[in-house]
Amino acid sequence: MKIQSSEFITSAVNPGGYPPGDLPEVAFVGRSNVGKSSLINKMLNRKGLARTSKTPGRTQLINFFRVNENFMMVDLPGYGYAKVPEEVRVRWGKMVEGYLKNRANLQGVFLLLDCRHVPTAQDKQMYQWLAHYGVPAVVVATKIDKLSNNQWAKQQGVIKRTLPLSPEHRLVPFSAETGRGREELLEVIAQWIAQATVPNP
Ligand SMILES: Nc1nc2c(ncn2[C@@H]2O[C@H](COP(=O)(O)OP(=O)(O)O)[C@@H](O)[C@H]2O)c(=O)[nH]1
Ligand SMILES: [Mg+2]
């Protein structure tokens, strides 16, 4: 798949703010600072479309981007930022779970994990939610440029055992710096879209 065009559509906190669900949609989720916005920008070849930040925990909104006029990419708010108050954490959970549960045009979710870290309890919960709601998922190990091939060979095992990753789920190494993994993720999206069944709005 080639990316021809992309545009920011809107930010939302609840279903009332979502754009119409008349296009197939794929979403990206993970801890804050894992590299979600950087990945989306790299996928779309757009430097500043999704806002990136060195300060974690900033994006507490669901951001919708339309791509090639025929599908949507969704940047879900990041979790796991320690300095966030409890009420914000609860609001986050409702926002993200509500989205995953109810968005009928959602075709699949990319769960992003930092390739250098052991998956956290929240990463594991997120992974289980996806299985629970029957959402097709691909796990992405971000910032892969930070590890040597040897280090990745070991770390891959840690991630697979900790989640634990089931055989139907892929683990794709990705770098927003080098573009490694980009083509593979575009292929995944193309497959999800080809199989899409979008309800009438
Ligand atoms: N080396 C490297 N740094 C990255 C990569 N992706 C993101 N980063 C850095 O990680 C930080 C958080 O990235 P961001 O995309 O804002 O994360 P988000 O909070 O998940 O949206 C920023 O400083 C990025 O420059 C990557 O693939 N490689
Ligand atoms: Mg972000």
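Guide: A cavity here is a set of points, on a 1 Å grid over the protein atoms alone, where a 1.4 Å probe fits but cannot get out. Points are joined across faces, edges and corners, and volume is the space filled by probe spheres set on them. The model is predicted, so local features need pLDDT of at least 70 and side-chain atom pairs pLDDT 80 or more, while totals for chains, interfaces and linings use all residues. Residues are numbered from 1 along each chain as its sequence is written, chains are lettered from A and ligands numbered from 1 in written order, and side-chain values use heavy atoms, without hydrogens or water.

By this rule there is one cavity of 30 Å³ or more. The largest cavity holds about 70 Å³ of space. Its lining (residues with an atom within 4 Å of a point) consists of Q60, G78, Y79, G80, Y81, V84, V88, R89, W92 and Q122. Helix α2, residues 86–102, gives the largest share, with three residues. Helices are DSSP runs of H or I, at least four residues, and strands are runs of E, at least two, numbered from the N terminus. By class, the lining has five nonpolar, four polar and one charged residues.

Now to the ligand. Around ligand 1 there are 17 residues (a heavy atom within 4 Å), and N33, K36, S38, D145 and A176 come nearest. That shell divides into two nonpolar, eight polar and seven charged residues. Polar contacts are pairs of N or O atoms within 3.5 Å. A backbone N or O atom of N33 lies 2.8 Å from a ligand oxygen. For a polar backbone atom of V34, the distance to an oxygen of ligand 1 is 3.2 Å. The side chain of K143 places an N or O atom 3.0 Å from a ligand oxygen. Protein covers 84% of the 580 Å² of accessible area (Shrake-Rupley, 1.4 Å probe) that ligand 1 has on its own.

Next, charge pairs. The structure holds five salt bridges, each a Lys or Arg side-chain nitrogen within 4 Å of an Asp or Glu carboxyl oxygen. One joins E25 and R103, with the closest N and O atoms 2.8 Å apart. This pair links distant parts of the chain: E25 sits in strand β2 (25–30), R103 in the loop between α2 and β5 (106–114), 78 residues apart.

Two backbone details remain. L163 and P164 are joined by a cis peptide bond, with omega about -15°. P164 belongs to the loop between α4 (149–162) and β7 (171–173). E69, a residue other than glycine, has a positive phi near 60°. E69 lies in the loop between β3 (62–67) and β4 (71–75).

Key: 1 Å grid on protein atoms, 1.4 Å probe; cavity = no way out; pocket = protein on both sides within 12 Å on 5 of 7 lines; lining within 4 Å. Nonpolar A, V, L, I, M, F, W, Y, C, P; charged D, E, K, R; others polar. Polar contact = N/O pair within 3.5 Å; in protein donor to acceptor, adjacent residues only side chain to side chain.
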